[in-house]
Amino acid sequence: MRDWSPGCDASGTRSLQRALRARWRTASLAAGWPFPGDWEVPAVDAVCAAVVAEADLRDPLAELGAARAESGVELAGTLQDLAALHAVTESGGDGLVSADPDAVPTSLLRITALGWADVVSGLSAGREVEDPLTGMNTAGYLRTRLHEIYRAASAGGFRAGDEYALLTVTLGVSSGGYPRMVAMVLIADALRTVFDAGETVALLRAATAGVLTRRTPNLEARCVQARWMIENRLAADPALRDCGRVRISEQPLPADHAQACELLAAL
């Protein structure tokens with residue numbers, strides 16, 4: 001990051017820190033930061049102080065990632081905020097800047113993401129039914145829901161597959177890591193938007209989601225809507241255009257719950 005005039009006295013250093021913080025906040029809000037009132041946390045001041053002093057950024061950035069996670073900010077938003085800081089420091093704060101996460105050095109992204117992940121991992125211990133990154137349910141929760149459905153089918157005298165459908169949404173990624181994670185976050189949001197009437201949306205694999213839904217007359221139309229929404233969201237981000245095609249397909253539910261669990265394991 002850019003040299004912010006080392007060698008100033010204490011008053012000058014504080015002035016530089018305040019100026020950096022103000023420019024960083026402005027750039028972050030312009031980049032889409034959704035919580036203006038929650039942006040300023042103590043970790044922000046620690047990062048600004050380290051940047052101005054040209055000190056090691058590892059601890060301050062890890063603290064920033066942790067603070068964002070504790071505030072409920074998703075990883076994509078946290079890294080976008082980091083990109084705003086990087087853009088401001090690289091430009092020296094002059095004129096408009098563009099917050100581009102791809103322009104941030106990988107080491108800074110990694111430190112911030114690990115700080116965020118440490119907090120989320122701790123929080124997830126008490127909510128094992130939800131994937132902390134995407135917000136989708138876990139495969140274990142989906143197995144539980146399937147067990148309930150098969151019990152209801154047995155009691156009601158109908159086949160589970162006649163009333164319910166299991167959809168899989170697979171991202172044909174050509175590369176993993178950050179692009180795949182962001183793509184799955186966008187896919188999760190799109191699926192929850194389309195299937196918002198009590199369906200179970202779960203993460204089955206790193207690049208595969210599942211939707212357990214009732215068979216309704218408009219099921220095919222909802223699948224088309226989900227595909228359209230996902231493809232448009234991925235296409236809007238240049239960093240995700242190499243993630244490959246998205247495939248939505250239906251997996252016929254087998255005769256009993258044990259076979260359904262085997263199906264999930266085999267997907």
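Which hand does the crossing of α2 and α3 have? The tour begins with that pair of helices.

The model is predicted: local features need pLDDT of at least 70, side-chain atom pairs count only at pLDDT 80 or more, and totals for chains, interfaces and linings use all residues. Residues are numbered from 1 along each chain as its sequence is written, and side-chain values use heavy atoms, with hydrogens and water left out.

**Stop 1: α2 and α3**

Select residues 42-52, which form helix α2, and then residues 58-70, which form helix α3. Helices (H or I, at least four residues) are DSSP runs, numbered from the N terminus. The axes of α2 and α3 lie 9 Å apart, at an angle of about 160°. Axes are lines fitted to C-alpha atoms, for helices over the stretch in contact, and angles run from 0 to 180 degrees between N-to-C directions. The two helices α2 and α3 are therefore roughly antiparallel (a term for angles over 145 degrees). Their crossing is left-handed, which means that the near helix is turned anticlockwise from the far one by less than a right angle.

Now display the side of α2 that meets α3: Pro42, Ala43, Val44, Ala46, Val47 and Ala50. Contact here means heavy atoms within 4.5 Å. These contact residues comprise ten nonpolar, no polar and two charged. Ala, Val, Leu, Ile, Met, Phe, Trp, Tyr, Cys and Pro count as nonpolar, Asp, Glu, Lys and Arg as charged, and the others, Gly among them, as polar.

**Stop 2: α3 and α4**

On α3, select Leu61, Leu64, Gly65 and Arg68; on α4, select Thr78, Asp81 and Leu82. This contact has three nonpolar, two polar and two charged residues.

**Stop 3: α8 and α9**

Move to α8, residues 178-194, and helix α9, residues 219-235. Their axes come within 9 Å and cross at roughly 145°, in a right-handed crossing. The contact residues of α8 include Ala183, Leu186 and Ile187, while those of α9 include Met229, Ile230 and Arg233. By class, this contact has ten nonpolar, two polar and three charged residues.

**Stop 4: the largest pocket**

Rolling a probe the size of a water molecule over the atoms shows where empty space is left. The largest pocket has a volume of about 580 Å³. On a 1 Å grid over the protein atoms alone, a pocket is an open set of points with protein on both sides within 12 Å along at least five of seven lines, a cavity is a set where a 1.4 Å probe fits but cannot get out, and lining residues have an atom within 4 Å of a point.

To find the pocket, select Ala76, Gly77, Gln80, Val182 and Asp237, the closest to its centre of the 24 lining residues. The elements that give two or more residues to this lining are α4 and α8. The lining has 14 nonpolar, four polar and six charged residues.

**Stop 5: the cavity**

The structure holds one cavity of 30 Å³ or more, and the largest cavity has a volume of about 50 Å³. Select its lining: Glu74, Leu75, Ala76, Leu133, Met181, Val182 and Val185. Helix α8 gives the largest share, three residues. The cavity lining divides into six nonpolar, no polar and one charged.

Conventions:
Grid points are joined across faces, edges and corners, and a volume is the space filled by probe spheres set on the points. Angles under 35 degrees count as roughly parallel, over 145 as roughly antiparallel, 65 to 115 as roughly perpendicular and the rest as oblique.
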